[in-house]
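Colleague: I would like to learn how to read a helix and a sheet in a model. Could we take them in turn?

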Amino acid sequence: MTTSASSPVASPTGIGGRMLHLLGQIHGRADLAPARIEAMTGLPVVFDPENANRYGVGTPLDDGWACNLASIPELGGGPPKRLVFSYDDLRQRQDATVPASAPAFDDFARELRDAGYAQSVVHGPRGAIWSHRFVRDGVAVDVHTERENPAADPIVVRISRIVVDASSATEVGHG
């Protein structure tokens, strides 16, 4: 979903907590339904008028950043089994990394493990870390990170994007 000027502004520090709450409640595909997302995040879900399976939440964080949560519709027209959450640079700067209000990865990962998710690393080319994968009940959560400021010391790694995939979930959810 794209963020609109009329979207409600969420607390930059609170959006990470809302995402953790949402992820903690996802046990199956039904938990990706618009009403469940709205109930778990407290943010209104907006629908694509041409496709009811395209929906999400977009909210500005400040004058330079927004966060967006969008469903990824299935090709056959069925209900989405995947969601993408991202922090997006509204100014489209080439040097943008991630806002300081994005959750720190270590704390976020600990909360997911405490919610019952098993953590592993997804490696990219030449052994680089592509993302961190958390799995519970057949729901996979890929957490992508970036350095808040690559030149900073110490380095603070923050969440930049989360991809939720419930296509392997055996449980139908709690919706």
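Colleague: Which exposed residues does the face of α2 turned away from its buried side carry?

Modeller: That face carries A35 and A39. Exposed means over 50% relative accessible area, buried under 20%, and partly exposed in between (1.4 Å probe, protein chains only). Helices (H or I, at least four residues) and strands (E, at least two) are DSSP runs, numbered from the N terminus. This is a predicted model, where local features need pLDDT of at least 70, side-chain atom pairs count only at pLDDT 80 or more, and totals for chains, interfaces and linings use all residues. Residues are numbered from 1 along each chain as its sequence is written, and side-chain values use heavy atoms, with hydrogens and water left out.

Colleague: Which residues of α2 are buried?

Modeller: P34, R36, I37, M40 and T41 are the buried ones. Viewed down the axis of α2, they lie within an arc of 160 degrees, so they line one face of the helix; the arc is that of the directions from the helix axis to the C-beta atoms. Their cover includes α1 (14–25), β1, β2, β3 and β4. Just after α2, G42 has a positive phi of about 75 degrees.

Colleague: And how should I read the sheet?

Modeller: Strands of a sheet pair through backbone hydrogen bonds, either parallel or antiparallel. Two strands count as paired if DSSP finds at least two bridges between them. Here, 8 strands form an open sheet with antiparallel pairing, ordered β1-β2-β3-β4-β8-β7-β6-β5. At the edges, β1 (46–48) and β5 (118–123) each pair on one side only.

Notes. Contact means heavy atoms within 4.5 Å.
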